[in-house]
Structure formats: structure tokens, C-alpha cells
Amino acid sequence: MEDHEAIQQLKAGNLAGLRTLVERYQVQAVQTAALVLQDRAAAEDIVQNAFLRCYERIDQFDADRPFRPWFLRIVINDAVKASVRRKDQISLDHQEDDLFQALIERLESSTLPPEEAVQQSEIRAAIRDALMKISPKQRAVILQKYFLGMNEKEMSAALNCAPGTVKWHLNAGRRKLQSLLQKLIG
Amino acid sequence: MKEQIETHWAIRDIAEQQAPAKTIHLWERVERAAAGGKEKQPVILRRRWIPITALCLILLTVFSSMACFVPPVRAFAAEVIQRLGIALVDTGQFNQDVEVVGVEAIRVTPPPSLSIAEIRRQISFSLMQPSWLPAGLDHYHGSIAKYDPIENQNPGSGTSVSLYYYRSADHDFLKGVLYLRANDGPIPAPPLLAQTREQEVTVNGQPGIYVHGAWQDDGSGDPNLKMGTLQWDDQADDAYLSWEQDGVTYLLEAHNLGLGLDDLLKIAASMTYE
């Protein structure tokens with residue numbers, strides 16, 4: 001069943017449509033929220049609540065538009081808000097921007113995993129640590145780009161900011177500090 | 001697929017470590033909640049609302065306690081309410097304070113009756129009295145009452161005359177009474193009657209108003225808290241005739257006497273200064 005068919009069923013009050021959407025997007029949604037929050041249980045709560053909001057407000061949804069970005073936008077925004085409330089990120093004063101740029105550079109330079117498992121593990125650990133040291137909104141940008149594969153237009157819509165802002169975030173990192181991330185790697 | 005190409009292997013690995021795809025099964029939870037089940041509210045939401053709700057409850061409790069038990073705060077709250085033009089009555093408090101004891105009924109002793117001549121000596125305006133009354137109204141009681149004409153915004157002298165003609169010696173209202181009130185100005189504290197039942201009449205050549213009937217409570221209220229719905233009863237044995245003559249306002253009331261407009265007009269026509 002395609003998304004638009006599931007949405008039509010849901011609009012008609014048929015929960016089978018909701019089930020299709022839940023089973024299709026629950027993994028991406030929960031993993032995204034868990035990456036933002038670093039809390040699996042809280043991530044599931046957020047995603048459950050997001051599905052319920054979709055169910056309650058499905059009449060407001062334009063069936064001609066793609067469901068995935070709309071739904072993930074809800075999840076990401078809720079996860080970022082929750083993370084900000086919990087003050088998850090470690091305050092490094094103004095170093096978060098530098099870390100963010102360095103993280104992007106590292107991600108861009110390692111699109112393919114190295115053959116050595118040790119190297120893979122080191123890169124993974126460095127990226128995980130870096131992810132937790134940037135702000136929730138920056139984390140959301142990273143996840144949208146490198147985990148959800150969103151384009152800049154979708155990202156700007158999801159984060160309620162201008163496309164140029166996202167582009168600046170993503171491009172400026174390539175020219176900025178990598179040293180902080182290198183320090184994390186050791 | 002495009003999204004597979006652009007996703008990063010390391011982040012995919014991290015995501016899978018944090019929340020393995022095989023362990024994510026939300027449908028049952030979502031279904032219960034969507035179907036109106038008692039699925040618990042998400043932790044994030046609970047965390048958000050619990051402190052807000054607790055703070056509101058604490059503030060409400062503190063304010064309520066102060067308003068109830070701290071006299072200055074209570075007085076301040078009452079003053080604020082009064083400024084808004086509201087007077088609140090705690091009838092429940094009255095009920096708690098009332099101790100029901102068995103006592104014999106107490107009758108209010110009326111002021112000593114004054115003769116017409118004595119009343120005329122004590123008032124500053126000329127008073128007429130009826131020279132004819134329906135049969136049976138043999139028990140007279142006359143009195144005067146002083147009131148503050150400024151406070152009542154009444155331009156009269158501040159003296160109101162009340163003449164009662166009872167059917168029974170025990171002055172029982174329910175057995176029938178003709179009540180004549182006179183005042184050199186508007187009658188203070190007049191009865192509240194239904195405007196729709198007013199009849200414009202001529203009394204001794206002067207314009208007057210006649211009303212027949214009374215308000216009746218339909219019993220739908222709570223005797224401790226509120227009145228029931230009042231409805232005008234045209235069949236009630238009550239009649240009112242009011243007019244002004246020689247600068248004096250007269251109000252003639254007949255209760256439980258079976259009298260109507262003609263009877264009251266006849267009584268009014270018999271009134272003289274003798």
C-alpha cells in the first residue's frame with residue numbers, strides 16, 4: 001500500500017492506514033529521535049506521540065504532498081525541543097559551531113567505510129562523541145543530511161529556517177576547523 | 001535509492017546500535033492510544049506537565065489558604081470583589097453556624113397602635129382616611145415610621161403612615177387585611193409588582209395604577225441556596241391601588257379579602273380628611 005492510499009484510509013477512519021505508516025516509518029523515526037535525544041525510551045514516546053498527532057490531524061494533511069518529510073519534521077522538531085528542555089548537550093561555549101563544522105568535514109571525508117574494522121570503530125566513536133557535543137538543532141541538521149538523506153529544501157522546511165542557513169551550515173564546515181574532531185579521535 | 005546513497009554508514013551504525021530496527025515495534029502502543037485506550041502519556045509530556053501542574057496547585061493552595069485564614073488577605077479579597085459590584089454570600093457558612101433548637105414561635109410585637117387623630121398630630125401633611133370599608137374589617141391598627149429621606153432619596157418629610165384594617169382580632173395577615181400607606185412623597189420601599197399587569201386608572205379624579213395578583217415561587221429552588229422561579233399569578237388574592245392626591249401618595253393594598261378594582265376604588269372614593 002502506497003503512502004497516499006494509507007492516508008486516504010486513515011482519513012476515512014480506517015486504522016489499517018495508520019498501521020501501514022507506523023510500520024513503514026517507525027524505525028527511521030525512532031532511530032532519528034534516539035540519535036537526537038540519546039534516549040531510546042524517550043525517542044519511542046516522541047514517535048508514538050507524533051503518530052497520534054498525525055492520526056488526529058490527518059484531515060489537515062494534503063494527500064498530494066509526501067508524507068515522509070512531513071512526519072519526520074514533526075519527529076525532529078519534537079526531539080530537538082525535548083533535548084533542549086533536558087539540556088542534553090554539553091556546553092562548550094562557542095566551540096559547538098567549530099565541532100559542528102569539523103564533524104561535517106569528517107562525515108564528508110568518510111562517505112565510504114575504511115576496510116579496517118579498527119578504523120571504522122574509531123571513526124564511529126568520534127562521530128558519536130561529536131554528535132553529543134553539538135547543539136540539538138545542529139544535530140538535527142546532521143541527521144537529516146547524513147541519516148535521513150534529506151535535500152536542503154526538505155531540511156530547511158523541517159527546521160523552519162531558510163535554505164541558505166542550512167547550506168551555510170553544511171558548506172562552511174568544509175573550510176573550518178577539523179582539529180577538534182582530530183583531538184577527539186586522539 | 002537516493003536516500004540510501006546520501007546516508008552515512010557511521011551514523012547508520014550508531015543509530016542501529018542505539019535503537020536496533022528489529023526491536024522497534026510501536027504499532028500496538030499507537031493502536032491502543034489511537035483507539036482511545038488508556039495508553040500512558042509519553043514520558044516527555046509527563047515530565048513537562050508535572051512541574052507546571054504542581055506549581056499551579058501549590059499557588060492555588062497558598063492563595064486559597066491565605067484568603068480563608070489570613071484576615072487582611074481575606075478583607076483585601078472581599079474589597080476587590082465589592083469593587084466589582086459583587087456581594088457574595090456563603091450560605092453554606094450560615095448553615096454551619098446555625099444551631100437548630102426547639103423553641104416556641106415568637107411573634108414580633110407590633111408598635112402600639114395610634115389613633116388617626118394621634119397620627120395626624122405627629123405628621124406634617126394632611127392625611128385622609130376611608131369612611132367606608134368592606135364588612136368585617138373591624139380590627140384597626142395605625143402606626144407611623146420614620147425614615148431618612150436623604151438616604152432614601154425621598155423628598156418627603158421622612159414620616160410614613162401605615163393603617164391596617166384586619167378581619168381577625170389576632171391581626172392575622174392570612175385571614176385578610178386592608179393596608180393603607182400614605183406618605184408626602186413616593187412610598188418608601190414599595191412592593192415590586194409585575195409591570196405588565198399595571199392598569200392605568202382614575203382615582204378620585206387623579207391618575208392611578210391598579211395591579212391584581214402576586215408573585216408565586218414554583219418551588220424549584222433550594223430553600224438554603226436559591227429562590228425558585230417566580231411567576232406572576234393573576235389569580236392570587238392580592239390587589240394594589242396607588243395614586244397621589246393633594247401632594248400625598250396613597251397605596252391601598254388588599255390581601256386575602258377577595259377585593260378587586262371596584263372595591264378599592266370605592267374605598268378610595270370614601271376617603272376624607274374628617
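**A residue and some ring pairs**

Guide: In this predicted model, Met66(B) is partly exposed, with a relative accessible area of 35%, where buried means under 20%, exposed over 50% and partly exposed in between, with a 1.4 Å probe and protein chains only. Residues are numbered from 1 along each chain as its sequence is written, and chains are lettered from A in the order in which they are written. Because the model is predicted, local features need pLDDT of at least 70 and side-chain atom pairs count only at pLDDT 80 or more, while totals for chains, interfaces and linings use all residues, and side-chain values use heavy atoms, without hydrogens and water.

Visitor: Where is the place of Met66(B)?

Guide: Met66(B) belongs to helix 4 (residues 43-69) of chain B, helices being DSSP runs of H or I with at least four residues and strands runs of E with at least two, numbered from the N terminus.

Visitor: Now the rings: how many aromatic pairs are there over all chains?

Guide: The whole structure holds 11 aromatic pairs, counted for rings of Phe, Tyr and Trp (its six-membered ring) with centres within 6.5 Å, and called stacked under 30 degrees between planes, edge-to-face over 60 and tilted for the rest. Tyr140(B) and Tyr165(B) form a tilted pair, 5.7 Å centre to centre with 50 degrees between the planes.

Visitor: Which strands do Tyr140(B) and Tyr165(B) lie in?

Guide: Tyr140(B) lies in strand 2 (residues 139-146) and Tyr165(B) in strand 3 (residues 159-166) of chain B, so the pair ties together parts 25 residues apart in sequence.

Visitor: Is Tyr165(B) buried or exposed?

Guide: Tyr165(B) is buried, at 7% relative accessible area.
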